[in-house]
Amino acid sequence: MNSGTYDAVVIGGGMSGLTAAITLCDAGKTVAVVSKGDPVCCLSTGCIDILNSADNPLQGISALPSGHPYGFVGQDAIIEAHERFIKIGAEWKIPYIGAIHESRQIVTPLGTRKTTCLIPKTMEYAAYDESDYIHIVSFKGLKDFYPSYIITRHGNAGHSVFDAAVPSTIGIAERFEDERFRETFAEWIIKQNIPEGKIALPAVLGIRSSLSIYEELSRRTERTFFEIPTLPPSLPGIRLFNCLKKALLARGGRLYWGNEIASIEKLGASIEGVTLKNPGRVARVQGKAFILATGSFVSGGLFARMDSVHETVFDLPVSYPEKRSIWFKETFFSTGHQIEKAGVEIDSSFRPLDGPFENLFVCGSIIARSEVMKYGCGHGMAIATGYAAARSCEGFIT
Amino acid sequence: MNFDFQHCIRCTICVENCPVFRVNPDFPGPKQSGPDSQRFRCDGETSVDQWIGLCSQCKRCEVACPYGVNPAEIILREQLNYGKKHFRAPVSRLFSNVYYLGNLTSLLAPLANKLVSVKFVRRIMAFFGISEYLNFPPYRFHAMERSWPWKGSSKRARKVAFFYGCYLNYNRPDIGRKIRDLFASMGFRVILPRQVCCGLPALGNGDLATARRLANRNAAILAQYIDRGYDVLYACTSCGLMLTRDYPGMLDIEAGKKIAENTYNIHEYILKLLDEGLLDLNFKAVAAKIAYHIPCHLRALGIGYPAARLLERIPGLDIAVLDDMCCGLAGTYGFKKKNQETSFKLGVIAAQALKETAADCIMADCGACRLQLSQLSGMPARDPAEILFESLNNVVNSSKR
């Protein structure tokens, strides 16, 4: 059974996979994305970390050890990829603020600062000085958001609680989509007589129309707001994912969502198609080229046994620190666990090194030595390699 | 007991995708009602989760879950378990048997349609737990089951049996007949096999026994046709999900696997033949801007969006695909008064997104989605098969019978 033939089939529907698919659609190719489920992006802060270990990510990238995936992309393509990303965000009303050569800071629900680079408009004013007054608005019954953490870290802060009649971030965000609710909320804010300063909210300002909700709230109350990303479910992450998915659908991209890959159909050094697990008849998706964007361990692209690491779709060769005894540092929260280096080695055309296939390209955190946690380069690296792998793939197809 | 729930890492992606959780705080969401609670459930134990019935079985959680947990299935099993030991509301009993209701209503069509549009009658129905916000779809006397049951000579090499389902049968037999005629004009022998409800409404209303009885009747007939070289086709995506997934799975029907392997969505089937070079179609232009609402159960089928792929070949047609909203009706779910508010809120959200596309009309494979969305948006709603028929009309002349 043939469920479709495409120029390119992207395996994995996360940041790098969707970026690659959109790039190929823009080049006039027919594209399908095959995904087992929703990506880790939905659980993220929605911010684009490009290289958090440097004040100027762009400069920092050139100082990275050789072999880091950014090195294969090259500076111009990194800039181009992010410019395209910002354009897509604006197109779907999720505008991103910031520039690739400048790190920015946002506030976490613990009141600590997180370094990142591109941030959603709703977090634009998240950076504040010691002397600034910050007023935190939380919601009655909302779990996993504790203003007192933030207040103990930043003395000059106040706190009020609004009763939205629902106790979850998703539920509150849905209520913000309703104009009457926004009106009530704005009136309540005005009545609070909050001292001069910024107002911080957990990230609940809408699911679909966060930008207009944010702007309307600022206008109605004449105050400056910013969102603080929450623990999952994370609205800024969902908005980012929905934005990329919509952008892909609008460009004619096709989705095969919710089923794992059952088998690979190959002919010589070429992959012809993949079949998808289904209780009934398996679906078959064919392509001239394939892009592997299944992510690292959390997303299931890599799988670790006691003493070895495997790539889960094509069983590609994986490089990883050989002895398990050096995989992990002593404490969980320390950065630079050696296991983070595990992944698929690539060549300059984003094909797996020593891989058996000529029409397979790789992008995202499954690439060896990306060390996303150590360098703080999650979404940025996904966008850059997704774009670059798509470009290389495009050259192969045509 | 199935232990797949232990794969859950509590990432909340299912919660992010649950339409009911978004608007109804009484429902704890698929994570809590599925894998989380499952750890405390034992085989043979009476269910105490009163809220379990708030799940509409849209299956969006299953499609979204990246770890292979099936929250909706865990919940469905618990809904059935709950239904076994607790009093089932009359409205649930009624909707379990919606097929027989359709059967009767169709016979009395003009009278029944008049009756349910009378305010006073709706009041009485509301008293028995039926929602008030939606108009009932009109029933037709000239149902599919009273249509001419075959077309095309039995000597034709390609044979299909069309499982039209209750909605096309009783409410939109005109679309059903178009599909029959379309396949006949493409050179198929088309049979409308004797059939009853697929059983999905019974399953959704906590009545496993009725679901199994209906499924067994259908399976016996469909299996016979498959053995004689027929492929089975469906247009309704919920019937399709039931036939291909729950017959071999949840209901464990003997011929289930055979049916799942030989049953196709109509658009998927045409695409397959086009890809294999067995069919050559001359699509005529249809000038329209369409907002395609992807039904939740089409997503759950895991076959991509075949109607979108097929219809993009029609010149002049501009299709915007929207797949991240549930219409909220979920078959009989929204017709129950206790779910009225949830269904209405979700319907308004989905209708708003469709209106924002500035399309001329809505398209959806599922009759329930069309019913809800067209009433709440004021836009006309069409089945993709109708548009396909319009484009291929040059090769087809539909007959009344």
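Two residues are taken to be in contact if their C-beta atoms, placed from the backbone, lie within 7 Å. The model is predicted, so local features need pLDDT of at least 70 and side-chain atom pairs count only at pLDDT 80 or more, while totals for chains, interfaces and linings use all residues. Residues are numbered from 1 along each chain as its sequence is written, and chains are lettered from A, with ligands numbered from 1, in the order in which they are written.

Across the boundary, 16 residues of domain 1 of chain A are in contact with ten residues of domain 2 of chain A. The domain 1 side of that contact divides into nine nonpolar, four polar and three charged residues; here Ala, Val, Leu, Ile, Met, Phe, Trp, Tyr, Cys and Pro count as nonpolar, Asp, Glu, Lys and Arg as charged, and the others, Gly among them, as polar.

Next, a helix pair in chain A. Helices (H or I, at least four residues) and strands (E, at least two) are DSSP runs, numbered from the N terminus. The axes of helix 1 (residues 15-26) and helix 9 (residues 235-250) of chain A come within 9 Å and cross at roughly 25°; axes are lines fitted to C-alpha atoms, for helices over the stretch in contact, and angles run from 0 to 180 degrees between N-to-C directions. On one side sit L18(A), A21(A), I22(A) and C25(A) of helix 1, and they meet L244(A), K245(A), A247(A) and L248(A) of helix 9. By class, this helix contact holds seven nonpolar, no polar and one charged residue.

Strand 4 (residues 104-107) and strand 5 (residues 113-116) of chain A run antiparallel and are joined by four bridges; two strands pair if DSSP finds at least two bridges between them. Five residues separate the two strands of the hairpin, and G111(A) in the turn has a positive phi of about 85°.

Chain B is divided into domain 1 (4-85), domain 2 (90-127), domain 3 (144-275) and domain 4 (288-393). An open sheet of four strands is found in chain B, in the order 7-6-8-9 and with parallel pairing. Strand 7 (317-322) and strand 9 (381-382) of chain B are the edges, each pairing on one side only. Six bridges link strand 6 (residues 288-293) of chain B to strand 7 of chain B, and A291(B) has A320(B) as its bridge partner. Helix 19 (residues 340-356) of chain B packs on the sheet, touching strand 6, strand 7 and strand 8 (361-363), with its direction at about 150° to that of strand 6 of chain B.

Finally, the two chains meet: 35 residues of chain B are in contact with 35 residues of chain A. Helix 1 of chain B gives the most to the chain B side, with four residues. That side divides into 16 nonpolar, eight polar and eleven charged residues.

Terms used:
Domains from an automatic or database assignment.
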